[in-house]
Amino acid sequence: MSKRILIVDDAAFMRMMLKDIITKNGYEVAGEAENGRRAVELYKELKPDLVMMDITMPEMDGIQAVREIKKIDPQAKIIMCSAMGQQAMVIESIQAGARDFIVKPFQAERIVEAIKKVLG
């Protein structure tokens, strides 16, 4: 059975790009969320194997969402994606419980490498 991934990004075109990369590499897209609050709801509902999480989003940002998801499931596997490669954001994401961090614009290979690394 292929691994199921939840894509979280407020930009529809980014979700589309990620969905394309994920499905072409044999993974299944469990669902999509446009903000952190929806990501938390969908995580509870879909129980994906992995979450690809943007940081800067309306309503609830990615770091807050990671903290909420980790409360629900301490074993949750989350990869952060952000255009802001700021050191503080990367550190905060990892402290919140993210397993890896990808900076946009990303290369498909980097996404696949991160997914394989995190899912084992």
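1. Leaving aside neighbours within four places in sequence, aspartate 54 is in contact with Val8, Asp9, Asp10, Gly62, Met80, Cys81, Ser82 and Lys104. Contact here means heavy atoms within 4.5 Å. Aspartate 54 lies in strand S3, and counts as buried because its relative accessibility is 3%. Buried stands for under 20% relative accessible area, exposed for over 50%, and partly exposed for what falls in between (1.4 Å probe, protein chains only).

2. This is a predicted model, in which local features need pLDDT of at least 70 and side-chain atom pairs count only at pLDDT 80 or more, while totals for chains, interfaces and linings use all residues. Residues are numbered from 1 along each chain as its sequence is written, and side-chain values use heavy atoms, with hydrogens and water left out.

3. An unreviewed UniProt entry lists Asp54 under "modified residue: 4-aspartylphosphate". Such annotations may be inferred rather than shown by experiment; positions follow the numbering used here, and feature names are shortened.

4. What is the bridge partner of aspartate 54 in S4? The partner is cysteine 81. S3 and S4 pair in the parallel sense over 4 bridges; two strands pair if DSSP finds at least two bridges between them. Strands (E, at least two residues) and helices (H or I, at least four) are DSSP runs, numbered from the N terminus.

5. Cysteine 81 has isoleucine 102 as its bridge partner in S5.

6. Serine 93 lies in helix H4 (residues 87-96). Is serine 93 buried or exposed? Serine 93 is buried, because its relative accessible area is 0%. Apart from neighbours within four places in sequence, serine 93 is in contact with Ile55, Ile63, Met80, Ala98 and Phe101.

7. Helix H2 spans residues 36-46, and its buried residues include Gly36, Ala39, Val40, Leu42 and Tyr43. An α-helix has 3.6 residues a turn, so residues three or four places apart point the same way. The buried residues of H2 pack against strands S1 (4-8), S2 (28-33) and S3 (50-54), and against helix H3 (62-72). Just after H2, lysine 47 takes a positive phi of about 45°.
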